[in-house]
Amino acid sequence: RIVSPLFTPRAVARYEGYARELARETLDTALARDEFDFIEAIAMPFPINVLLRILGCSREDAPKLVELSDRMIANTDPDLSTLVGDKEDTSAYRLLPFRSPAGLELFEFAHALAAERRAEPRDDLVSKLVHAEVDGDRLTERELDNFFTLLVIAGNETTRQTLSHAMLALMEHPDEWRRLRDDASLIPTAVEEFIRWASPVFHFRRTATRETELRGVSIKRGDKVVVWYVSANFDEDVFPDPYRFDVARRPNEHAAFGPGGPHFCLGAWLARLEVRVMFEELLPRIEDMELTGPVRRIRSNFANGFKQMPVRVKLA
């Protein structure tokens with residue numbers, strides 16, 4: 001109740017102008033070269049810098065927050081994590097997000113930023129979070145720590161991976177690329193297919209609140225249940241021909257933002273806005289894009305993402 005009004009479609013729409021300006025700036029820099037890493041040049045800097053503007057952080061903080069976020073969400077990838085979760089003892093950090101010591105560093109960053117905004121409020125999200133009150137309740141320090149961590153990870157990693165998967169899918173399906181370029185009105189519809197196709201988070205674990213039965217399997221109250229979003233998004237019972245990439249797919253009731261209810265993704269409208277704006281700006285500029293080397297995946301069973309995607313572009 002404290003934070004949800006800050007992420008409604010109307011509230012998020014106020015960021016479109018800045019997001020578009022930033023998308024153009026990101027593309028101007030990236031497309032000045034014929035070859036580059038799509039992740040490093042476009043998919044990574046764009047969402048983190050939009051997020052920094054919303055949070056009220058300096059753009060100079062981007063490398064630090066990306067590094068901390070990567071260390072947590074890719075805690076089983078030795079290229080990205082300083083403590084590899086499935087190979088080293090992480091029990092000392094079991095109460096931290098993703099069992100990663102990077103969580104402590106992100107908490108410290110949040111503490112310093114919150115202290116600044118308590119003393120000198122600004123027109124940014126952190127100021128709203130530290131001063132917001134509902135029925136006399138405010139976010140505790142622990143709640144603020146966890147929520148800031150959630151914002152940095154969810155507002156950075158998932159959109160980055162959606163942009164990367166979408167671009168790879170367009171390169172692998174040139175007919176769909178041409179279809180989208182020829183009819184820009186399809187972009188909002190395509191955004192939903194990008195998100196379904198990407199399924200940037202493989203799974204979450206939930207706790208059953210009551211006894212029920214699902215597909216003949218008995219689930220007791222208190223049981224831990226893993227929700228595989230990537231499975232739901234390619235469910236033959238829901239999507240006709242689910243393994244076909246279709247930028248005009250309708251209906252597209254994907255579960256990438258959660259199945260609905262209280263666990264529906266708070267930042268869904270912001271993610272949609274960012275992906276839409278980026279492809280509205282990107283597609284008219286590019287005649288063709290192709291891979292120049294292997295796409296390297298993040299080593300994770302949680303994050304469905306890439307860490308390297310070398311490409312060559314031909315401008316329109």
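Is arginine 221 buried or exposed? I find arginine 221 exposed, because its relative accessible area is 65% (exposed is over 50%, buried under 20%, partly exposed in between, with a 1.4 Å probe and protein chains only).

I note the conventions. This is a predicted model, where local features need pLDDT of at least 70, side-chain atom pairs count only at pLDDT 80 or more, and totals for chains, interfaces and linings use all residues. Residues are numbered from 1 along each chain as its sequence is written, and side-chain values use heavy atoms, without hydrogens and water.

I placed arginine 221 in the loop between β4 (217–219) and β5 (224–228) (strands are DSSP E runs of at least two residues, helices H or I runs of at least four, numbered from the N terminus). Beyond neighbours within four places in sequence, arginine 221 contacts Ala208, Thr209, Arg210 and Glu211 (contact: heavy atoms within 4.5 Å). A polar atom of the arginine 221 side chain lies 3.2 Å from the backbone oxygen of threonine 209.

Next, the core. The largest nonpolar core has 94 residues, and Phe36, Leu170, Phe194, Phe279 and Met289 touch the most other members (a core is a set of buried Ala, Val, Leu, Ile, Met, Phe, Trp, Tyr and Cys residues joined through side-chain atoms within 4.5 Å). Its largest share, 9 residues, comes from helix α13 (residues 268–282).

Last, the helix pair. I see the axes of α9 (residues 157–172) and α13 come within 10 Å and cross at roughly 40 degrees (axes are lines fitted to C-alpha atoms over the stretch in contact; angles run from 0 to 180 degrees between N-to-C directions). The contact includes Leu170 of α9 and Phe279 of α13.

Conventions. A polar contact is a pair of N or O atoms within 3.5 Å; within protein, one must be able to donate a hydrogen and the other to accept it, and residues adjacent in sequence count only if both atoms are side-chain atoms.
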